[in-house]
Amino acid sequence: FICVKNVLTSFCHFLFSRYYVFMNNTNPLHGMTLENILKELVAHYGFEELATLIDINCFKIDPSIKSSLTFLRRTPWARMKVENLYISYRKEIHADK
């Protein structure tokens, strides 16, 4: 019984490690913080353009990185829109190269 348990445990660790490597290699946001994503988008588009691309008040009314981060961390639907815009932006950059 102990031998079977060890084999199963090893197999589970193997599967998890393969899944982890797969997810990290295919996730375009892997290693990116929300702050870095936002700073890169603001540097490229500016807050005014971001407000037209994503209709949220933190980009329209007295925008700042700090206030936008606070809002995005508390609002999953808005964060998802920002992350999706970032993914599209990165695809554009790689397509141009």
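Is Thr-75 buried or exposed? Keep that in mind as you tour this predicted model; the answer comes at a later stop.

**Stop 1: the whole chain**

Show the whole chain as a cartoon. You will find 4 helices and 0 strands, and reading along the sequence gives the pattern α-α-α-α. The chain has 97 residues, and 26% of them count as buried. Its accessible surface comes to about 7300 Å², with 60% of that belonging to carbon and sulfur atoms. Among contacts with a separation of 6 or more, 52% are between residues 24 or more positions apart.

Now colour by confidence. The mean pLDDT of the chain is 83, and 73% of the residues reach 70 or more. Select residues 2-26, which are helix H1: confidence is lowest here, with a mean of 58. Then select H2, where confidence is highest, at a mean of 96. Where pLDDT is low, the predicted coordinates should not be read in detail.

**Stop 2**

In soluble globular proteins, nonpolar side chains tend to be buried together. To see the largest nonpolar core here, select Leu-41, Ile-56, Phe-59, Leu-72 and Val-82, and show their side chains. These are the residues with the most contacts inside this core, which has 20 residues. Which elements give two or more residues to this core? They are helix H2 (34-53), helix H3 (65-74) and helix H4 (76-96). H2 provides the largest share, 8 residues.

**Stop 3: Leu-38 and its neighbours**

Stay in helix H2 and select Leu-38. Leu-38 has a relative accessible area of 0%, so it counts as buried. Which residues is Leu-38 in contact with, leaving aside neighbours within four places in sequence? Show Phe-59, Ile-65, Ser-68, Leu-69 and Leu-72 to see them. Leu-38 and Tyr-86 are 48 residues apart in sequence, while their C-alpha atoms are 8.3 Å apart in space.

**Stop 4: Ser-68**

One of the contacts of Leu-38 is Ser-68, so move to this residue of helix H3,. Ser-68 is buried as well, because its relative accessibility is 0%. Where does its side chain reach? Look for the backbone oxygen of Ser-64: the side chain of Ser-68 reaches that atom at 2.8 Å. Beyond residues up to four places away in sequence, Ser-68 touches Leu-38, Phe-47, Cys-58 and Phe-59.

**Stop 5: a loop residue**

Go to the loop between H2 and H3 and select Asp-62. With a relative accessible area of 69%, Asp-62 is exposed. Its backbone deserves a look too: Asp-62 has a positive phi of about 45° although it is not a glycine.

**Stop 6: aromatic rings**

The structure holds 4 aromatic pairs. For another group of rings, select Tyr-45, Tyr-86 and Tyr-89, which form one aromatic cluster.

**Stop 7: Phe-71 and Ile-56**

Return to Phe-71, which is found in helix H3. Leaving aside neighbours within four places in sequence, Phe-71 is in contact with Ile-56, Cys-58, Trp-77 and Ala-78. Now select Ile-56, which you met among the core residues. Phe-71 and Ile-56 are 15 residues apart in sequence, and their C-alpha atoms are 9.6 Å apart in space. Ile-56 touches Phe-71, Leu-72, Trp-77 and Ala-78, not counting residues up to four places away in sequence.

**Stop 8: back to Thr-75**

Finally, select Thr-75 in the loop between H3 and H4. Here is the answer to the opening question: Thr-75 counts as buried, because its relative accessibility is 10% and the cut-off for buried is under 20%. Show its side chain together with the backbone of Phe-71. A polar atom of the Thr-75 side chain lies 2.8 Å from the backbone oxygen of Phe-71.

Notes:
Residues numbered from 1 in each chain as written. Predicted model: local features only at pLDDT ≥ 70, side-chain atom pairs only at ≥ 80, totals over all residues. Heavy atoms only, no water. Phe/Tyr/Trp six-rings, centres within 6.5 Å; stacked < 30°, edge-to-face > 60°. Core = buried A, V, L, I, M, F, W, Y, C linked by side-chain atoms within 4.5 Å. Buried < 20%, exposed > 50% of the residue type's maximum accessible area, 1.4 Å probe, protein only. Contact = heavy atoms within 4.5 Å. Polar contact = N/O pair within 3.5 Å; in protein donor to acceptor, adjacent residues only side chain to side chain. pLDDT = per-residue confidence, 0-100. Areas by Shrake-Rupley, 256 points an atom, 1.4 Å probe, with all protein chains shown as cover.
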